[in-house]
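Here are some friendly notes to read alongside the model. Take them one at a time, and keep the 3D view open as you go.

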Amino acid sequence: MKRKKKKNSLSFNIDRYWNYEQKKAKFNIYLFISIIFIGILGLAFLLSASSYLTIKYNINRYYYVIRQGIFLMLGIILMYLISKVNYKIYKKYAFVIYVIGIILLILVYVPPFSVSVNGARRAINLGIRFMPSDIAKFSTIVMLSTFLARNQRNMMYFSKSVIPTGIIIGIPFVLILFQTDLSTSFVLALSLAIIYLVGGFKSKHLPPILIFVVIGVFILYKNLEQYQINRFTAFLNPELHYNDLSWQVLNGLFAVSRGGVFGQGYGKSIYKNGYLATEVHNDMIFSVISEEFGFIGSVIVILLIVSITYMTIKEALKSKDFFAKLLCLGIGLIYVIQSLVNIAVSLSLIPNTGITLPFISNGGTSIVAFCIMFGVVLNISRFNNYELEKEKKNNVLK
């Protein structure tokens with residue numbers, strides 16, 4: 001009698017993750033349309049915000065928009081395709097996905113692959129140039145969600161919960177921090193910390209966690225670059241540094257105030273013309289939106305961000321799978337926290353950090369990475385709708 005061969009746990013069976021009944025279920029079409037809408041809206045904002053730069057560098061007026069549009073189209077296609085791939089594949093290969101994310105972050109420090117942008121090394125070139133921190137956001141969310149979902153019974157033990165969680169969060173946090181990208185490392189750490197609070201935090205572990213956090217903040221402060229310390233100092237007294245450190249932020253505020261209630265009109269921003277530094281189409285694009293569309297336009301953009309987050313969190317709450325809940329939650333948190341940090345900088349509510357506004361700011365890696373993440377959310381929504389339809393059928397049969 002022939003023995004059946006034991007399947008390799010690392011073997012990949014595409015049929016298992018692609019050809020399944022649930023993929024025929026409908027996903028959250030409102031979330032899908034909202035993401036496409038904010039992406040198209042972002043192209044319109046980018047066309048206006050980048051107009052001065054295209055003149056300054058003597059390039060095609062539509063250069064940034066065409067490039068962003070290509071990435072948006074690629075992202076939408078990937079989002080739809082990924083919405084058909086069983087999200088459970090990420091749980092099975094979580095460690096592999098996490099390690100790939102870490103390796104990509106390490107390559108930032110390897111000269112043949114490292115790319116310098118405005119003096120900072122945050123991108124790599126592997127045939128195409130991209131920001132590995134955008135990939136690491138997703139890979140770390142997957143790893144932490146998997147760990148918490150699989151270790152619920154051990155969450156009461158400090159050594160089996162807090163320490164592994166700290167390692168999972170700490171490695172990408174430190175690697176991104178050493179890239180002098182304080183804003184991304186902060187957004188990632190805060191999002192992951194909330195996932196941990198929801199997914200396995202025990203109050204008895206709070207004292208030692210606080211001690212580690214205080215030590216970490218002290219070490220972080222001691223290792224801040226001088227320009228980062230200067231930014232914080234300028235934030236406390238912006239008027240004293242108007243001609244240098246606070247130039248960008250204060251002009252951003254002037255742009256917002258000039259917009260008033262209804263704005264100056266599309267394309268009529270004056271502060272985008274050299275007053276918001278060279279990152280007007282990245283970090284400070286919300287200031288241009290506020291100047292041109294006023295308070296009403298700004299609120300509409302914020303409400304759109306909130307609605308996308310709400311639909312994502314709603315899918316998390318609907319899911320019966322704890323891993324899916326945490327995964328949806330993490331993606332929603334990364335998106336909304338990064339968005340709010342960018343907006344808060346434009347309104348001078350926090351020190352200038354330098355982080356993109358997802359789906360709106362210029363940045364190909366960012367838009368593709370977020371489309372991929374929301375593709376996962378859409379797949380989870382397919383499962384939620386499939387389970388709901390199944391329950392309805394069962395109730396009818398009864």
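1. Let's start with a cysteine. Cys371 has a relative accessible area of 0%, so this residue counts as buried. Please keep in mind that you are looking at a predicted model.

2. Another cysteine to find is Cys328. Cys328 is buried because its relative accessible area, 0%, falls under the 20% cut-off. How many disulfides does the count give? The count comes to 0 disulfides.

3. Now step back to the whole chain. The chain is built with 15 helices and 3 strands. Of its 398 residues, 49% count as buried.

4. Take the contacts between residues at least 6 apart in sequence: 74% of them join residues at least 24 apart.

5. Helix 7 covers residues 132–150 and helix 14 covers residues 322–346; their axes come within 9 Å and cross at roughly 145°. Which hand does the crossing have, left or right? Helix 7 passes helix 14 in a right-handed crossing.

6. Helix 7 contributes residues including Phe138, Ile141, Val142 and Leu148, while helix 14 contributes, among others, Phe322, Phe323, Leu326 and Ile334. Sorted by class, the contact between the two helices has 11 nonpolar, 4 polar and 1 charged residues. Lys137 of helix 7 is also part of this contact, as is Gly330 of helix 14.

Note on methods:
Residues numbered from 1 in each chain as written. Predicted model: local features only at pLDDT ≥ 70, side-chain atom pairs only at ≥ 80, totals over all residues. Heavy atoms only, no water. Axes fitted to C-alpha atoms, helices over the stretch in contact; angles between N-to-C directions. Helix = DSSP H or I, 4+ residues; strand = E, 2+ residues; numbered from the N terminus. Left-handed = near helix turned anticlockwise from the far one by under 90°. Contact = heavy atoms within 4.5 Å. Nonpolar A, V, L, I, M, F, W, Y, C, P; charged D, E, K, R; others polar. Buried < 20%, exposed > 50% of the residue type's maximum accessible area, 1.4 Å probe, protein only. Disulfide = S-S within 2.5 Å.
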